[in-house]
Amino acid sequence: RRTRRDPKPRFKTDRTYQLDGVRGCPALLLDAGHPARDVQRFVDGFDLTELEQQYSSLGRHGHHPKRVLAVWLYASQLGLHHATKAARACATDAALLFLSGGHPISAGTLKRFRQKNRALFEALLAETVRLAHADGLIVAEELATDSMRLRAHASIHQLGTAKRSRQRIAEIEAVDRAQLSEMQHKKLDDKLTKHRAVLAACEARDSTSAVLTNPQAALMKFPNGAALPGHRITATAAGVSERIVVGVLVDADPTDDGKLGPALQQARDVLVKAGVPIEGMQVAADAGYFCVTDLEFASTNRDWVDILIAEGTAVDVEPVAQGRKGFFDRSRFKILDDGAAMCPAERLMTPPRLMSDGRTTWIGVGCQTCSLRPQCTPRTRRALTADLNLEKVRTEMRRRLAEPGARERYGQRIATIEPVFASIEDVMGYRRASSRHPTTIVSEVLLKVVAHNLARIVAARKLACVSVTLALG
């Protein structure tokens, strides 16, 4: 049995200043203001002692974790998101060789590092927020939350919906197999197995769709109109001009409903960990979060965060009892303080009845002899159904948006969060995940967010230097 003479882990020696006959000297090929040097300074300032202790002093010398981290951060900024492409570029690109210490890093090493270090990337996100706060770039009064859809690493042939699978199972089971060949039997059995697996996955996750090869993905509608397997990335950014990401969530939900609360709680934890005071937090969110869950969160957490949620055209129309165009809508009915409802004819309706979905129903009284019946309902009696809790929190949000300065502050939302997604999707070119493992997917997204924050911090520092130089001049 081999024993350690020196308990310290062994890493490859730094060869960035050594001259190579083919590659040259990596350190001398980069000028002083090269972005790779900014990445190196950030990584060198981060304490990775705990991670270094996981490396062994036995066997061959390994790549230092700071070197691998620096390669991943710079490769993300370049748009190299697959480990194979990053490893291939690391063998020839002077900047990546400089960051790797002059040693090409294999794709397997890059993959394992990204897969095993989700906690490290979460700590790096808090570190970038701390650095941004130290530079005065975090504005807690200018927070915005929104989401983007990321293509999942999954085949569309392994994607299914519960509705379609039930239909296909019924069709396949109704097929007369007496005249079918053995190969046709096998094809039908494979299809049955697939659709039953889709149904089981949908029931287990309480969702309408499932991707058999990627549990972190679901069917999503993308801006180009395509319906594909995807992930939802919910991000919270700070500052109209700074746009520093302070929180990110990754899940498989097809909509934004209910995501505002978890996103803001995570952003608050990151801000507190980074030493940013959270008093006076103000957040703006678009109409995708104008649902009862997020409106309730905004109403019950006013003590630590002021949330503005605008409503879209889909919710501008009040609930209509019968859903028939041309009849009286919800606005013509009055809900009294004691819970009773009054119809447009100023008549009290039947006592309220609570339904299983949380809504309340009232039935009209004397509708048969009412002169307004042709304008109210085509039936013998008018039924009114309303979600009182939703109406309450919706009224509160409308009142909040009507306060002085609220609309102007909400108008800053698009300048705060939308450029973040443009940076990740267009500048970095990150539109599809390169892994289907849940932990790796989250690590990959966190890596892109850290790379974005680092680029914003570096750009702000360079701009500050230019401003100081002009002022002194």
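The legends below describe close-up views of a predicted model. Local features are given only where pLDDT is at least 70, and side-chain atom pairs only at pLDDT 80 or more, whereas totals for chains, interfaces and linings use all residues. Residues are numbered from 1 along each chain as its sequence is written, and side-chain values use heavy atoms, with hydrogens and water left out.

**View 1. A salt bridge joins Asp38 and Lys462.**
A salt bridge is a side-chain nitrogen of Lys or Arg within 4 Å of a carboxyl oxygen of Asp or Glu. The structure holds 23 salt bridges. In the pair formed by Asp38 and Lys462, the closest N and O atoms are 3.6 Å apart. Asp38 belongs to helix H2 (residues 35-44) and Lys462 to helix H18, so the pair ties together parts that are 424 residues apart in sequence. Helices (H or I, at least four residues) and strands (E, at least two) are DSSP runs, numbered from the N terminus. Asp38 is buried, with a relative accessible area of 13%, and Lys462 is partly exposed at 41%. Here buried means under 20% relative accessible area, exposed over 50%, and partly exposed in between (1.4 Å probe, protein chains only).

**View 2. Arg413 and Asp146 form a salt bridge.**
The closest N and O atoms of Arg413 and Asp146 are 3.3 Å apart. Because Arg413 lies in helix H17 (residues 413-427) and Asp146 in strand E1 (residues 143-151), the pair ties together parts that are 267 residues apart in sequence. Arg413 is buried at 11% relative accessibility, and Asp146 is buried at 5%.

**View 3. Further salt bridges involve Lys259 with Asp251 and a network of four named residues, Asp306, Arg400, Glu403 and Arg409.**
Between Lys259 and Asp251 the closest N and O atoms are 4.0 Å apart. Lys259 is buried, with a relative accessible area of 7%; Asp251 is buried too, at 14%. In the network, salt bridges link Asp306, Arg400, Glu403 and Arg409. Side chains of opposite charge can pair when their charged atoms come close.

**View 4. Thr439 and Leu463 both belong to helix H18.**
Helix H18 spans residues 438-472 and includes Thr439. Thr439 is partly exposed, at 36% relative accessibility. Apart from neighbours within four places in sequence, Thr439 is in contact (heavy atoms within 4.5 Å) with Gln115 and Arg118. Thr439 and Phe121 are 318 residues apart in sequence, while their C-alpha atoms are 11 Å apart. Leu463 is exposed, with a relative accessible area of 56%. From C-alpha to C-alpha, Leu463 is 13 Å from Gly33, and the two are 430 residues apart in sequence.

**View 5. His81 sits in the loop between H4 and helix H5 (83-90).**
With a relative accessible area of 6%, His81 is buried. Leaving out residues up to four places away in sequence, the residues that His81 touches are Trp72, Ser76, Arg114, Met428, Gly429, Tyr430, Ser434, Glu444 and Lys448.

**View 6. Glu127 in helix H8 (residues 118-134).**
Glu127 counts as buried, at 15% relative accessibility. Glu127 touches Phe42 and Phe46, not counting residues up to four places away in sequence.

**View 7. Lys12, Arg15, Arg23 and Arg60 form a positive surface patch.**
Patches are made of residues with over 30% relative accessible area and no salt bridge; like charges are joined within 9 Å, and nonpolar side chains (Val, Leu, Ile, Met, Phe, Trp, Tyr) within 5 Å. Areas come from the Shrake-Rupley method with a 1.4 Å probe, and for residues only the protein chains shown count as cover. Arg60, one of the patch residues, is found in the loop between helix H3 (49-52) and helix H4 (65-78). Arg60 is exposed, at 79% relative accessibility.

**View 8. Arg243 and Glu346 have a positive phi.**
Most residues other than glycine have a negative phi. Arg243, in the loop between strand E5 (227-238) and strand E6 (244-251), has a phi near 55 degrees. For Glu346, phi is about 65 degrees. Glu346 is placed in the loop between strand E10 (341-342) and strand E11 (353-354).

Notes
Lys and Arg count as positive and Asp and Glu as negative; His and the chain ends are not counted. The place of a charge is taken as NZ of Lys, CZ of Arg, CG of Asp or CD of Glu.
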